[in-house]
Amino acid sequence: MIKVQNITKRFGDYAALHGIDLEIEDGEFIALLGPSGSGKTTLLRIIAGLEFQDSGEVFFNGDDVSTKKVADRQVGFVFQQYALFRHMTVAENVAFGLTVKKRRDRPSKAAIKERAEELLRLVQLEGLGQRYPGQLSGGQRQRVALARALAIEPKLLLLDEPFGALDAKVRKDLRRWLRDLHKQMGLTSIFVTHDQEEALELADRVVVMDHGKIEQIGTPEEIYMNPATPFVSHFVGETNRIAGNDGEIHFRPHDVDVVTEGGEAVLVDNVFRKGGWWRVEGVLAEAGLVVEFDVDAGFPQPSPGDTILIRPRRSRLFNPEKD
Amino acid sequence: MSTTTLSPPRAARRWRKPSVLPGFGLTFGFTLGWLSLIVLIPIAAIFLKAAGMGWSHFLEVGFSSRALSAYRLSFGTAAAAGLVNAVFGLLVAWVLVRYVFPGKAIISALVDLPFALPTAVAGIALTALYAPNGWVGQFLDPLGIKVAFTPLGITIALVFIGLPFVVRSVEPVLADLGKDVEEAAATLGATRSQTFLRVIFPAIAPALLTGFAMAFARGVGEYGSVIFISGNMPGKTEIAPLLIVTQLEQYAYEGATAIAVVMMLVSFTILLGINAVQAAGRKRMGA
């Protein structure tokens with residue numbers, strides 16, 4: 001179990017983290033989700049030991065590792081830009097963590113070679129061991145980085161925006177593949193992302209962060225359906241925000257019914273197809289606010305200039321005085 | 001309408017491949033012309049002059065015992081200075097890239113000063129410092145260490161001259177290396193020295209070799225700073241460039257060119273070798 005207790009961190013005048021508490025069960029796949037500057041990467045780096053907190057503790061299975069150096073924490077870390085060793089072959093990269101072990105802990109040369117091959121098979125790069133990282137595609141490099149991190153048999157796998165530098169298609173494939181790999185290995189893993197879709201798709205639990213604080217911790221379902229704060233509601237998934245009498249009303253574009261009477265009038269600005277739906281962008285006639293909502297594509301396509309009556313099927317009220 | 005077969009450009013006659021980058025003819029022509037004017041023609045003239053003197057005379061002058069010891073001294077001290085610079089230049093580059101400290105811009109500018117300073121000034125200053133009664137020399141002399149007027153002094157002058165080459169060639173590569181590679185090594189359990197030896201050093205080695213080669217080449221040809229500190233004793237502390245000047249002063253132009261030709265061939269061979277090592281390294285990395 002990983003436990004993070006009351007972690008604070010400042011960079012000069014800038015408070016990167018204030019008072020972070022987090023508990024992670026063995027085998028969990030956790031996403032740290034937030035916009036840039038939310039402190040998610042700093043938290044990941046503190047857990048890894050690449051950065052040190054100003055106060056608070058980090059526990060691995062009950063051991064306080066707060067002052068332990070990164071080399072002694074036995075964590076696998078996957079960097080956003082892969083950070084592969086360019087002058088080493090893929091196999092040498094993967095084996096690096098084994099070859100730097102102290103002589104008495106170091107496996108034999110043959111065993112290291114065997115292990116590197118095994119890991120390359122695991123990340124589906126069999127036969128590419130003699131290539132150099134410069135000869136691989138981005139997705140392949142990221143998998144080499146992952147194999148390299150797994151070679152030291154880490155207790156914890158940390159991934160910093162692992163798909164950030166990849167194009168959309170590769171990203172999607174690699175995402176699915178990583179989820180399967182996690183299921184197969186059951187290794188406790190934490191990854192940082194600013195992409196809510198990625199977090200919701202991969203993680204067992206999502207930690208939403210903003211301005212150095214945790215906004216909400218929950219399963220993807222809880223985060224999406226019951227956002228605890230206006231920030232989470234707005235940041236995770238698409239949300240319309242309109243001012244109500246008692247506070248701010250949030251509703252998702254797909255939680256909207258088109259009605260013939262008793263709804264809010266929307267003047268349509270723009271319509272486009274979004275999968276099986278028409279996505280309608282318009283202005284609430286009464287409040288003058290921009291809203292987006294989806295209309296089943298079975299209906300005739302609305303045109304700009306139309307007026308449509310809508311009623312949110314589900315909405316959430318956030319009262320700023322209460323929060 | 002008659003059908004015409006479009007014949008592909010005849011490969012045999014085209015020695016350059018079609019390229020989307022324009023201006024190859026112009027730039028290549030300019031390159032050749034420029035190189036000819038500045039480098040090739042003067043060098044060819046030296047070879048011509050040397051060729052006119054006859055083989056036995058060439059051997060006699062170019063490989064006299066005085067010339068041989070001058071080559072040994074020039075290449076030896078230049079190599080030693082290049083090595084010293086490789087070590088300490090790397091250190092300076094490291095400090096300049098990795099740390100932020102007050103006065104960094106000034107230190108960085110100081111590194112380039114040997115480029116700008118008249119070499120004679122450097123030579124005189126170093127001689128004054130390291131002479132047995134100089135500021136530094138007076139402490140070394142009682143220890144039996146003689147610097148000025150010895151090969152050690154020549155090496156020090158060449159270290160001064162060559163430092164910027166190493167620093168400036170290593171610096172950008174080191175900056176480009178990225179902290180994450182070092183961090184990756186650390187997460188994999190590598191110690192600091194393992195990280196340096198196995199990750200950082202191999203990555204910067206090509207640049208370091210370039211810096212060494214340039215410092216070395218500069219050292220071999222250096223004249224101005226060395227003649228003051230060396231003492232110029234024939235056979236002992238007389239460098240090859242000085243020997244050439246001495247020959248010229250005695251109107252022995254052929255002797256001067258003979259020595260120049262030998263120096264040039266040796267230098268060229270060494271530099272070609274270094275370039276070959278680097279090309280092999282680059283090819284290996286596949287980038």
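**Figure 1. Confidence of the predicted model, with chain B in view.** Chain B has an average pLDDT of 87, and 93% of its residues score at least 70. The structure shown is a predicted model. Within chain B, helix α3 (residues 65-98) has the highest confidence, at 94, whereas helix α12 (residues 253-285) has the lowest, at a mean of 87. For the complex, the predictor gives an ipTM of 0.85 and a pTM of 0.78.

**Figure 2. The contact between chain A and chain B.** In this view, 21 residues of chain A are in contact with 18 residues of chain B. On the side of chain A that touches chain B, at least two residues come from each of α2 (70-73), β6 (75-78) and α3 (90-99) of chain A. The residues on this side of chain A comprise 13 nonpolar, five polar and three charged.

**Figure 3. The open sheet of chain A.** Strands of a sheet pair through backbone hydrogen bonds, either parallel or antiparallel. In chain A, four strands in the order β2-β1-β4-β5 make up an open sheet, and their pairing is antiparallel. One pair to locate is Arg10(A) and its bridge partner in β2(A), Ala15(A).

**Figure 4. Helix α1 of chain A on the sheet.** Helix α1 (residues 40-48) of chain A packs on the sheet, where it touches β1, β2 and β4 (55-60) of chain A. The direction of α1(A) makes about 120 degrees with that of β1(A).

**Figure 5. The packing of two helices in chain B.** Two packed helices are described by the angle between their axes and the distance between the axes. Helix α8 (residues 179-187) of chain B packs against helix α9 (residues 192-221) of chain B at an angle of about 135 degrees, and their axes are 10 Å apart. The two helices, α8(B) and α9(B), are therefore oblique to each other. The crossing in which α8(B) passes α9(B) is right-handed. From α8(B), the contact is made by Val181(B), Glu182(B), Ala185(B) and Ala186(B); from α9(B), by Thr195(B), Val199(B) and Ile200(B). The residues of this contact between α8(B) and α9(B) comprise five nonpolar, one polar and one charged.

Conventions: Residues are numbered from 1 along each chain as its sequence is written. Chains are lettered from A and ligands numbered from 1 in the order in which they are written. This is a predicted model: local features need pLDDT of at least 70, side-chain atom pairs count only at pLDDT 80 or more; totals for chains, interfaces and linings use all residues. Two residues are in contact if their C-beta atoms, placed from the backbone, lie within 7 Å. Ala, Val, Leu, Ile, Met, Phe, Trp, Tyr, Cys and Pro count as nonpolar, Asp, Glu, Lys and Arg as charged, and the others, Gly among them, as polar. Axes are lines fitted to C-alpha atoms, for helices over the stretch in contact, and angles run from 0 to 180 degrees between N-to-C directions. Angles under 35 degrees count as roughly parallel, over 145 as roughly antiparallel, 65 to 115 as roughly perpendicular and the rest as oblique. A crossing is left-handed if the near helix is turned anticlockwise from the far one by less than a right angle, and right-handed if clockwise. pLDDT is the predictor's confidence in each residue, from 0 to 100. Two strands pair if DSSP finds at least two bridges between them.
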